[in-house]
Amino acid sequence: MLRATLKSVLSRKLRLVLSGLAVVLGVMFVSGAFVLTDTLGRSFDSLFAGVYAGTDVAVTAKPAVAGVDSGERPTNLPADLVAKVRSVPGVATATGVAQADGARVIGGNGKVVTTMGAPRLGTNWTGTSDLVQLREGRGPQAADEIAVNAALAKAAGIKVGDRVGVLTLQPKKTFTLVGIFGYSGDRDSIGGSMFVAFTEPVAQELMLGAKGTYSSIDVTAAPGQSPEKVRDAVRAEVGGGYEVKTGKELQAATVDSFRQGLSFFNNILLGFAGVALFVGVFLILNTFSIIVAQRTRELALMRAVGASRRQMIGAVLVEAAAIGLVASVVGLAAGIGVGAGLAYVFGHVGGTDLPLASIGVPAAAVIGAFGVGLVVTLVAALLPALRASRIPPVAALQEAATPDRPLTKITVAGGLMSAAGATVGGYGLSGKAGDSTMWLIMAGVLVSFIGVALLTPVLARPVVSVLGRLFSWSVPGKLGRLNSGRNPRRTAITAAALMVGLALITGVNVILSSVTATLHKQGDTLVKADLIVSGEQMAEMPPTFDPAVLDKMRGIPGVRDVAGEYYDRATLNGQGWGVDVVTDLPAMARMFPLNAKEGSIGPLGPDQLAIDEAHAKILNLHAGSTVTVQLSRGAPHTMTVAAVLAKNDVFNSIMLSPSVVGDLRVPQPSWAYVRVVPGADVAAVRAQIDRLLADSPEVNVTDRSGYIQQQTKQFDAVLMMIQVLLALAILIAVLGIVNTLALSVLERTRELGLLRAIGLRRGQVMRMVTVESVVISVFGALLGLAVGCGLGAAVVRALRSEGITSLALPWSQMGVYLVLAGVVGVVAAVLPAVRAARINVLGAIAHE
Amino acid sequence: MTLTMGGAHRPGATRQSGAADTSGAAARAVDVWKVYGSGEAEVAALRGVSVGLERGRYTAIMGPSGSGKSTLMHCLAGLDSVTRGEVYVGDTLITGLGDRGLTDLRRDKVGFIFQQFNLLPTLTAEENILLPLSIAGRKPDRQWYDTVIDTVGLRDRLRHRPTQLSGGQQQRVACARALVSRPDVIFADEPTGNLDSRSGAEVLGFLRNSVRQFGQTIVMVTHDANAASYADRVIFLADGQIVDELREPTAEAVLDTMKNLDTMAAVA
Ligand SMILES: Nc1ncnc2c1ncn2[C@@H]1O[C@H](COP(=O)(O)OP(=O)(O)OP(=O)(O)O)[C@@H](O)[C@H]1O
Ligand SMILES: [Mg+2]
């Protein structure tokens with residue numbers, strides 16, 4: 001029995017390849033993800049090796065504001081702490097470091113140099129060391145001199161001797177580049193970060209905001225002293241206000257945070273692999289169903305000569321296992337290749353120059369590959385195997401025509417599953433599910449997909465026949481349409497596989513376009529500002545511009561109101577929140593029509609704040625109450641609530657008085673809103689503001705719709721990424737179409753021979769197969785678009801409380817997808833069509 | 001060269017010797033050779049067959065299994081290429097035509113009836129009948145169509161699909177399909193091979209009618225002497241050559257000739 005099965009597998013190589021390919025692709029994605037993250041993880045390990053080599057112990061301040069990234073410590077250490085630490089027994093050296101994120105270099109092209117998430121650090125020059133090595137020039141010695149690391153010099157396109165503009169806590173300042181440094185092991189950068197080294201007082205002023213302070217103290221232990229002992233001694237000396245850690249601990253923490261990012265990334269990749277495999281299940285299920293149907297006679301003959309039902313199931317499952325096994329091996333190999341390729345791309349993207357560790361194949365990749373490959377194939381083959389076992393021996397003697405099984409059961413099951421999926425997903429979306437929200441939504445979507453897939457056969461007949469009418473003007477078109485309608489289950493599963501990927505893409509599209517539409521609507525009706533200054537936010541902190549620009553803008557003829565907005569995080573009564581400082585609250589209130597619910601809107605006096613209804617409710621504040629506000633710098637403020645603002649559709653925030661600007665981490669505004677007097681020339685005003693912003697290259701001035709476009713631009717990137725990742729699922733679905741068509745062509749050899757005999761040309765045969773393919777893929781696309789719209793609409797509906805009020809369907813995008821589906825159908829048909837056209841007429845009609 | 005066997009005269013059968021006069025034939029083969037394979041595995045299925053199929057006549061081809069009947073028919077119908085010699089359908093020389101030319105020829109000039117699997121399961125009987133015309137983009141001649149339908153007696157089955165028809169009915173649909181485009185010649189390879197004698201007789205009678213009434217040219221391969229007796233002329237093949245021929249055959253005459261061929265094969 002086993003041998004007979006394996007023989008039959010090998011005798012059908014094409015089928016093996018096609019159904020195996022889906023598994024190969026899925027497994028490739030899974031193992032590729034593991035290989036990629038393992039390789040990158042170990043690369044990071046060696047990347048950070050030696051970063052803390054010269055530091056046995058480091059002292060930092062505890063962050064003033066909760067919820068701020070541990071990497072950001074705007075709270076400064078007093079200069080005298082260095083001497084104090086230095087005097088601790090066992091300490092050999094103690095060096096004050098004045099370093100912070102936010103040193104933004106303006107490159108040779110006038111644009112600010114950005115990174116892929118790595119920090120842009122400004123620091124005091126403490127000389128070369130085992131780690132830091134000068135490549136060119138020297139360290140900065142005068143206040144207007146800087147040195148930068150080699151990665152930054154390359155990315156900015158600057159060389160020693162150049163005058164270089166740098167944005168810091170203060171607006172643009174210009175320096176002379178006197179040195180370029182790298183790191184041990186010939187590295188240009190550590191983890192992609194960019195470094196600007198100033199002289200110590202300049203670093204303290206520009207990066208920390210105060211002279212005579214440090215962000216941390218690097219300590220080396222005296223010979224024979226263990227870092228742990230020194231750490232404890234220093235900790236005892238400086239007291240509980242500071243964090244004291246050994247170099248090893250710091251290294252582990254840094255690598256850990258990178259690894260956390262990686263594992264998040266890994267999970268995303270695995271999620272998409274899951275979608276791909278889910279689609280793969282459809283393909284395999286379909287292939288095996290067709291194979292079992294085609295081999296009904298052969299299988300019945302086996303039964304007739306005495307094979308038991310269990311042996312029949314075994315036979316199909318062994319075939320599946322063989323395919324799964326081969327596909328897993330190939331998929332694993334391909335995954336290692338893909339992982340290595342992606343690791344290379346990641347290592348070299350955007351000027352980062354990550355020295356890659358050797359490609360590793362973690363156990364997880366191997367286990368994942370074989371587990372997923374085998375399980376998916378076996379699960380998919382289970383139904384066809386059961387069907388094979390139910391073939392009665394007499395079928396061997398009967399005409400092999402597969403009877404049309406009624407679709408009632410499958411339709412009822414599909415209806416129930418769709419309803420269950422919608423209920424579960426809906427509950428998840430309602431936000432009542434708490435922690436399990438994400439899981440519920442995912443389960444809901446998954447179950448709904450299966451439900452819709454089960455409903456598809458019933459839909460197939462009417463939809464396919466309507467679709468097919470489009471092609472019925474020619475005989476090949478009509479034949480193709482009839483062929484696609486003749487086996488609704490087969491057509492349905494093939495189309496459903498395409499539906500999954502497209503539904504997800506369309507769903508995301510619907511959500512994003514609804515958000516965009518909402519923003520546009522609100523922008524047009526709710527925002528009264530004529531011009532807006534803002535920049536593209538790439539990091540945790542929004543980009544900023546010179547505060548002097550705010551005053552200068554007020555002086556431009558034709559300008560009626562100007563409101564500037566600063567951003568930072570702060571602790572209010574012990575809770576971390578994002579807060580704004582607004583230069584002119586009444587002006588701001590006119591920009592966004594803000595209305596007071598309690599108190600009144602007027603200029604905020606020192607230590608006053610205005611707060612929106614929702615925040616006020618959470619913090620239990622009313623007009624006149626006081627609240628303790630701890631900003632990034634300085635002592636806590638006790639502030640009084642001057643006004644509680646009614647809920648606004650666009651702007652809801654905690655707004656602090658301008659008196660506290662000095663205590664913000666970056667005392668520069670991120671946004672400005674401008675209204676012009678009626679009849680003034682907006683374009684002229686805009687041109688003048690543009691000139692004022694010449695030294696603030698991170699921001700620009702736009703009108704309302706330009707501003708909204710800027711906000712929604714990032715959606716395109718999100719959509720692009722999702723499309724790329726889901727392309728794999730769609731590719732597998734296309735394979736499914738190829739497979740179904742190829743098997744159908746094989747099955748209809750006789751018919752094709754007959755058609756050719758009575759005069760159907762080769763080209764017409766190809767057209768017939770192509771029409772069948774296009775009908776299937778367009779059917780799948782229509783399903784996908786419909787389900788995607790439903791999915792997206794449900795999410796948008798759930799987001800209504802978040803202010804997403806418009807539901808906008810991305811018609812043009814959907815049209816594009818539909819056309820693409822048609823193209824996909826044509827492409828998928830190529831091989832089967834060629835095969836069909838090449839059929840030997842005589843062989844086809846003569847063979848029995 | 002055509003090899004013609006002399007033989008005993010039989011009552012009711014006209015015997016004709018020598019190469020057939022093939023001019024004005026609906027289809028003809030001139031010294032056709034068909035060789036399959038090469039070297040050791042070489043099989044000559046046809047060895048220099050020359051035959052003309054007269055217009056408006058019903059010709060049967062008989063012979064032992066493997067004698068080349070189907071091969072001859074396929075070559076005459078433009079389904080297969082010949083190794084040597086020439087084949088004409090009407091006045092068209094079809095040897096050397098490409099796939100496209102042959103396909104169009106089959107579509108426009110030739111009708112087919114196979115032993116089984118004659119019909120597309122997705123199409124109704126009517127659609128099957130009109131298929132060659134629709135492929136060619138031609139409108140059926142309504143009157144002719146009605147005549148054909150009434151002759152085969154399928155008017156109440158036109159909306160049925162092949163699976164809803166009996167084997168005999170399916171073959172009659174196939175006949176109607178072959179007839180409706182008024183081809184130069186209809187080729188039928190054992191059209192009754194799968195039918196019981198009554199349905200077989202219906203189909204055979206119908207084919208003879210279409211020759212008599214409408215002047216259709218039909219060539220039929222058969223194993224059945226009774227079936228052959230419906231024809232105007234029977235050609236006997238053995239070992240890839242035409243070895244005998246009967247005109248206005250009776251079933252007995254056909255059987256005798258077959259027996260004769262068998263004994264000769266045994267002697268050889
Ligand atoms: N494709 C082929 N390849 C090789 N040999 C072939 C091929 N087709 C037919 N033959 C050989 O050619 C000879 C004639 O075959 P053909 O099918 O014409 O016989 P037939 O008279 O129709 O027989 P039957 O009554 O059994 O249908 C046979 O010896 C057969 O083996
Ligand atoms: Mg034959």
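The model is predicted, so local features need pLDDT of at least 70 and side-chain atom pairs count only at pLDDT 80 or more, while totals for chains, interfaces and linings use all residues. Side-chain values use heavy atoms, with hydrogens and water left out, residues are numbered from 1 along each chain as its sequence is written, and chains are lettered from A and ligands numbered from 1 in the order in which they are written.

As for who touches whom, 22 residues from chain A and 25 residues from chain B take part in the contact (heavy atoms within 4.5 Å). Four salt bridges are counted between the two chains, a salt bridge being a side-chain nitrogen of Lys or Arg within 4 Å of a carboxyl oxygen of Asp or Glu. A:Arg756 and B:Asp99 pair up this way through their side chains, at 2.6 Å from N to O.

Sorted by class, the side of chain A that touches chain B has eleven nonpolar, three polar and eight charged residues. In this sorting, Ala, Val, Leu, Ile, Met, Phe, Trp, Tyr, Cys and Pro count as nonpolar, Asp, Glu, Lys and Arg as charged, and the others, Gly among them, as polar.
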